[in-house]
Amino acid sequence: TLCLALPTLARNDDSLARVKARGVLKLATDATYPPFEYMENGKVVGFDAELAAELGRELGVQVELVSMEWSGVFAAVETQKCDLVISGVTITAERKKGNGFTRPYFLSGQVIARKKGTSFAKPSDILPEGRTAAVQQETTGQFAMEKAGVPKERLHRFDTLQDGLMDVKNGKSDVAVGDEPALAEIIRKGYPELELAPGGPFVEENLGIVAKKDALTLLAALNLALERIVVDGRYARIYEKWMHK
Ligand code: ARG
């Protein structure tokens, strides 16, 4: 019966046992997305990196952050090169078809970045002929612009959000689209000529940690760990450290 299906599946799933036996939790991440994850002195640092460290502590295992291109993070879990993706990943219905997700660990949202002195504020502002947008490819920023109806040839897709912002700076794209904390931080660090459109995100999104779809025991352990990390104040400390408001 239905109520027996989940425990039975979980009994046949050794995803948590394998991580514990190995003693290492391997997490794929595209470390080009401050303040979530970025490289500093050859190490992955940021909000996700510290959260991962706490998850490792809860599971009683070491944590290894494996930095790779965004285009490879989901495949890394699929091929079991890594156990998880922690990379500011938005939980979407489409991605849930092929991946397992933890409960949401962060409320984010998509925003528009533009040159100071311009007035682009929402996806539909890019619909008129000649308007262009830059996105990190295969991110929800891209999906949002596609949904708004921005045609392919005017949607400039880059490997990183930084490259997208460079395109805006150079006047080749009118806007860049991405997660609010990431766009705010990248602009703050290196793009004084750019700004976020006022009014906050045009759409809110929950971020989650990705596992293989059938990794029920690992996901359950992570959800419990996340709960502990929130309840005892560690989450708030990490948030305050990395999120500039
Ligand atoms: N939240 C967006 C998405 O899931 C973008 C995430 C990009 N993350 C990164 N580390 N580059 O599509």
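Predicted model: local features only at pLDDT ≥ 70, side-chain atom pairs only at ≥ 80, totals over all residues.
## Overall fold

The protein chain holds 10 helices and 14 strands. Its radius of gyration is 19 Å, close to the 18 Å that the globule rule gives for 245 residues, so the chain is as compact as a globular protein of that length. The C-alpha trace spans about 55 × 40 × 30 Å along its principal axes.

Of the 245 residues in the protein chain, 41% are buried. Contacts between residues at least 6 apart in sequence were also sorted by separation: 73% of them join residues at least 24 apart.

Where the domains meet, 11 residues of domain 1 and 14 residues of domain 2 take part in the contact. The side of domain 1 that touches domain 2 is made of 5 nonpolar, 5 polar and 1 charged residues.

## The ligand

The ligand is surrounded by 14 residues, and the closest are D30, Y33, S87, T90 and T139. By class, this shell contains 4 nonpolar, 7 polar and 3 charged residues. Both domain 1 and domain 2 give residues to the shell, so the ligand lies between them.

## Helix α3

Helix α3 covers residues 47–59, which is 13 residues. From its first C-alpha to its last the helix reaches 19 Å, close to the 18 Å expected at 1.5 Å a residue. After α3 comes G60, whose phi is positive, near 75°.

The buried residues of α3 are F47, D48, A49, L51, A52 and L55. An α-helix has 3.6 residues a turn, so residues three or four places apart point the same way. The partners of the buried residues in α3 include the strands β1 (24–29), β3 (37–40), β4 (43–45) and β5 (62–67). These buried residues also pack against two helices, α9 (216–231) and α10 (234–242).

## L222 in helix α9

L222 is found in helix α9. L222 counts as buried because it has 27 C-beta neighbours inside 10 Å, where 20 or more are needed. Leaving aside residues up to four places away in sequence, L222 touches L55, T102 and I209. L55 is itself one of the buried residues of α3, and α9 is among the elements that those residues pack against.

A184 is 38 residues from L222 along the chain, and the C-alpha atoms of the two are separated by 29 Å.

## Backbone details in the loops

Most residues other than glycine have a negative phi, and most peptide bonds are trans. The following places in the chain depart from one or the other of these patterns. P34 and P35 are joined by a cis peptide bond, with omega at about 5°. P35 lies in the loop between β2 (32–33) and β3.

N41 has a positive phi, near 50°, and sits in the loop between β3 and β4. With 5 other C-beta atoms within 10 Å, N41 is exposed. E138 has a positive phi as well, near 60°. Its loop runs between β9 (133–136) and α6 (140–148). E138 is partly exposed, with 13 other C-beta atoms within 10 Å.

Methods: Residues numbered from 1 in each chain as written. Helix = DSSP H or I, 4+ residues; strand = E, 2+ residues; numbered from the N terminus. Expected span 1.5 Å × (residues − 1). Buried ≥ 20, exposed ≤ 12 C-beta atoms within 10 Å, placed from the backbone. Contact = placed C-beta atoms within 7 Å. Rg over C-alpha atoms; globule rule 2.2 N^0.38 Å. Near = placed C-beta within 6 Å. Nonpolar A, V, L, I, M, F, W, Y, C, P; charged D, E, K, R; others polar. Domains from an automatic or database assignment.
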